[in-house]
Amino acid sequence: MTPDIFPSPGNLAKVLALVSLLPNIYKDPVSFHPERFLGDERFEDDDREALQPFHVGPRNCLGKNLAYTEMRLILARVIWNFDMELSEGGEGWLEGQRPFNLWDKGPLMVRLMVRKG
Ligand code: HEM
């Protein structure tokens, strides 16, 4: 990121879902490749730091570690107890998703008057 591309001052937003779909960051990004995270050499050029679903910095997600623990526990129990297959209506799930965004609310102007009495 350089000032030539993103002049300051300005707002820069990172669209997480798009980062995860960029083929120059993740090889074959829309296919299911769990081996991507298990040291498979086909994916050694992936930039694993690019996607930060919990954000980074002083205001990043406070629940990150809890969320990882919950996800691991739930996924492990589901996989341990069940076989899974896509059921009717599940086709095209990825393509049918709709993205939503946040909005900048702008300042709420309030006048404070010292109470009398
Ligand atoms: C997959 C699960 C989760 C994801 C992807 C996620 C993601 C995020 C993201 C992107 C932010 C905004 C960070 C920023 O503004 O830079 C955030 C903030 C926050 N998250 Fe999560 N979160 C998850 C689960 C949780 C859980 C389980 C908790 C608590 C039990 C939690 C508590 C918080 C809190 C308190 C903040 C505000 C932190 C602050 O403003 O200082 N999150 N989260």
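Analyst: Start with His55: one of its polar side-chain atoms lies 3.0 Å from an oxygen atom of the ligand. A polar contact here is a pair of N or O atoms within 3.5 Å; within protein, one must be able to donate a hydrogen and the other to accept it, and residues adjacent in sequence count only if both atoms are side-chain atoms. Keep in mind that this is a predicted model: local features need pLDDT of at least 70, side-chain atom pairs count only at pLDDT 80 or more, and totals for chains, interfaces and linings use all residues. Residues are numbered from 1 along each chain as its sequence is written, and side-chain values use heavy atoms, with hydrogens and water left out.

User: How far is Arg59 from a ligand oxygen?

Analyst: A polar side-chain atom of Arg59 lies 2.7 Å from an oxygen atom of the ligand.

User: Which residues are around the ligand?

Analyst: Pro53, Phe54, His55, Arg59, Asn60, Cys61, Leu62, Gly63, Leu66 and Ala67. Each has a heavy atom within 4 Å of the ligand.

User: And what holds the iron?

Analyst: Cys61 (SG) is the only protein donor of the ligand's iron atom, at 2.2 Å. Donors are N, O and S atoms within 2.8 Å of the metal (3.2 Å for Na, K and Ca); water is not among the atoms, so sites may look incomplete.

User: Where does Cys61 sit?

Analyst: In the loop between helix H1 (16-19) and helix H2 (64-81). Helices are DSSP runs (H or I, at least four residues), numbered from the N terminus.

User: Switching topic. How many aromatic pairs?

Analyst: The structure holds 1. Phe54 and Tyr68 form a tilted pair, 5.1 Å centre to centre with 55° between the planes. Ring centres must lie within 6.5 Å; planes under 30 degrees apart count as stacked, over 60 as edge-to-face and the rest as tilted.

User: What does that pair tie together?

Analyst: Phe54 lies in the loop between H1 and H2 and Tyr68 in helix H2, so the pair links parts 14 residues apart in sequence.

User: Is Phe54 buried or exposed?

Analyst: Buried, at 15% relative accessible area. Tyr68 is partly exposed, at 30%. Buried means under 20%, exposed over 50%, partly exposed in between (1.4 Å probe, protein chains only).

User: Last one: what does the Asp46 side chain pair with?

Analyst: Arg36, through a polar contact of 2.7 Å between the side chains. Asp46 lies in the loop between H1 and H2 and is buried at 10% relative accessibility.

Note on methods:
Helices (H or I, at least four residues) and strands (E, at least two) are DSSP runs, numbered from the N terminus. Rings of Phe, Tyr and Trp (its six-membered ring) pair if their centres lie within 6.5 Å; planes under 30 degrees apart count as stacked, over 60 as edge-to-face and the rest as tilted.
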